[in-house]
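Q: Please take a close look at a single part of this structure, then describe the whole around it.

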Amino acid sequence: MNKNRFLFPVLLFPAIMWAQSTSQITGKVVNSQKEPLSAVKVILNNGEAEVYTDDNGFYRFNNIPAGNYILKVEDPDIKKTYSFTLKSNDSISHDFEQITDTYQIVAVNVSANRKTIPSSTLRLGENLLVTPQNIQVIDQRLLSDQQILTTAEGLSRNVSGVRTITHQEEGSVGIAVRGFSASNLRNGMDVSGSFGPLREDMSFVDRVEFVKGPAGFMMGNTQPGGFYNIVTKKPVGREKGNVQLTLGSFNLYRATADVEKKLSKDGKFWGRLNLMGTKSGSFQQYVEHEQYVINPSFKYVASENTNVTLEYILSQNNFQGGFAKYVYGIDGFKELKRSFTFSDPIIDPTRSWEHNVYGTINHNFNDNWLITGQFGYIRSQMQGESLYAKYNSITLADNPVTGRKRGDVDRGISINDALNTSMIGQVFTRGKFSTGNINHNILAGIDMGKKSYVADWSVLPQNIGPVFNIYNPVYGHLKKSDIPEYDRSKSLRERGANYLTDYSYTSFHLQDEARFLEDKLRVAAGFRYTSTSKTSAADKGAEIKNTAVTPRVSITGLLTPTFTVYGLYDETFQEQTGKLINGSSADPSFGKNTEVGVKKTWFNGQLMTNLTFYHLTKTNMLTSAGIDFPGLFEQSGKSVSKGIEFDLNGNISKNWSILFNYAYTDAKVTEDNDPKKIGGMLYGTAKHISNAWIKYTIAKGDLEGLGFSFGYEYQAKRAAWPVVLDHPYLPDDYFTLDVGVSYKRDNYQLSFLVNNLTDRYNYVGFYPGAWSYTHYGWRATNPVNFRLNLSYSF
């Protein structure tokens, strides 16, 4: 059957299939000063459906069948419930109001499953069910269940087609979406840089949103594979607090505190403070880190229609290990035990620290139009050194002439000094109006940014200490006198002049979504104009300017109130900074994405499924030139990624929550000046990725609050990094099995989790021949390990 002949009438006439009930419950939660309260959980019929209020205090239950209902708010200070009867195709609106630090029901008011409501920083303002893009939300409950402490710790397992690239995870994080590096956003602002930002600690993270594809109508200058948006914790208008203590394998000690208070008698000024301190080791020898986070934030509610938020984050992390964590072998992967390292206890930690300042102003002109302005400043800095195995210095066989034995390696020192700064500003407006029977939703705005990067990755020429043997490693014999002193009397900009890059951009975007047939058919068209300017040592200081116009077109059909189908075409333009291994500057990248998908919600909106088919291209793709060429890149001509993604996430009852995803990804280089690279898989690719996380919680009886969790990660036909054409896949699949048990009663919660229960030797790595290496190289990931968390809320 011709697919297009079938799809077009289905999209054009969805009203024919509109046969389900359209009953809904809507409303708002406010405090005693009539100010909206966000992130308030509203429960229908003791857990049959649960929703959270959005940033404006609104909540909604859609597609509710006729019947009798009980509504309540999950909060120890709220005792009252509300009972009501809902008739078929009826709409009820009721509000909750907080009176003297308690909630009193004035009327009923509800929203949708929090996993289907994006944050305001994505500019959408609508349920993800009707958004023509594959967007997945990872909320606090899931982060807590999996005891994920940073964005480098398996966050990607919760989204189809996403991989975490194990590299310098104590300092930064590499995440790949659909085979391409993912852009890193915080509160809707692109903070990606050549180095940095530092990987986020979950102590200041409220939720994480993964957006697949270019998404130029929301954010400009991002990668075509997609981006992840870190939404930080900010005041929500409730006096509350939480403290947590976490203990775990490899000497993990961690404590966090999160307290929100009203700072003015009139309730218009609120403050929130997040604190974190952690110290941990590793399964590898002489690899450890310690970190602290200080995160105050403030919100001033000037009126019902205007509020201002200001936030500061200080994150400092000292870590040992660096490039020494890469393991080299002669006979194959996993040849050495997982605890092996090239490091030594004499090496001082590398210190990295980051300052973040964010501000946001929101104003509602009326019920139809709003405007948001926000800014961000990020300064990421690192200073230290790393002991590492020198390039191809490994002895492959005994050599009687030189006296070197098989496995002998020379070690050297690499300086790890870098600075990355970003200044970002945004103003956007969202609104709606009608022309006859057609409703229009407008999104328009301006994005500006200026970024600077400088680094000193100098490699000191002399060998460090005696020859080191991978089969008979000797640690602790180095002295400080064996470590050369590096002259840091010159400024970093002078020492790192060869890596210095300044980059700025200005971007305008406009999109109109026209809605027909009572909003059941939606056609959107928009564009983004981007102008960039950069100067770098690679261009001998010359100013390089580029401009581009990138269009976007989408069509969405609501076949029923819970089932949508969409088609999307989107483009992206991205200026690229960085110095290539041949000394030249990186060229801009262009991306194109064609995508079709279907979305369906189940169980009154509590469970959502997505099925997506996509085909995207990217030109001038940058990849790291290798650990022996830190800070340098290689550039491929053209890459194509195509695949299928399926995501299921939500609750199927008050006892069961479930997450499952699968992705087939075919991502490879299709054009390049080097014919040997054509056909090679992209470094962030695994042909097949599947993940699951299931939790069962006892909701009634003496064991109420007792929960059991089970999850796995599986990746098959994984690309090596970098790719060697005669060895397209790593020989071992990646698999972990995780189990947990938790107990929550009153304000206390105790959670115990075991990761990699089968103690499988998982790794990422490269074959001989990659970057002309003469040996195997790999990074082992965590063996079996546990975490124990005690939480108290007040």
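**Strand β10**

A: Strand β10 covers residues 162-165 and is covered on both faces. Val162 and Thr164 lie on one side, Arg163 and Ile165 on the other, and all are buried (under 20% relative accessible area with a 1.4 Å probe, protein chains only; over 50% is exposed and in between is partly exposed). The model is predicted, with local features needing pLDDT of at least 70 and side-chain atom pairs pLDDT 80 or more, while totals for chains, interfaces and linings use all residues. Residues are numbered from 1 along each chain as its sequence is written, and side-chain values use heavy atoms, without hydrogens or water.

The partner of β10 is strand β11, residues 174-177; the two run antiparallel and share four bridges (pairing takes at least two DSSP bridges). Across from Arg163 in this pair stands Ala176 of β11.

β10 and β11 belong to a protein with 46 strands and three helices (DSSP runs numbered from the N terminus: E of at least two residues for strands, H or I of at least four for helices). The protein is as compact as a globular protein of its length, because its radius of gyration is 27 Å, close to the 28 Å that the globule rule gives for 794 residues (C-alpha atoms; 2.2 Å times the number of residues to the power 0.38). Along the principal axes, its C-alpha atoms fill a box of roughly 90 × 60 × 50 Å. The buried state seen in Val162 and Ile165 applies to 59% of the 794 residues.
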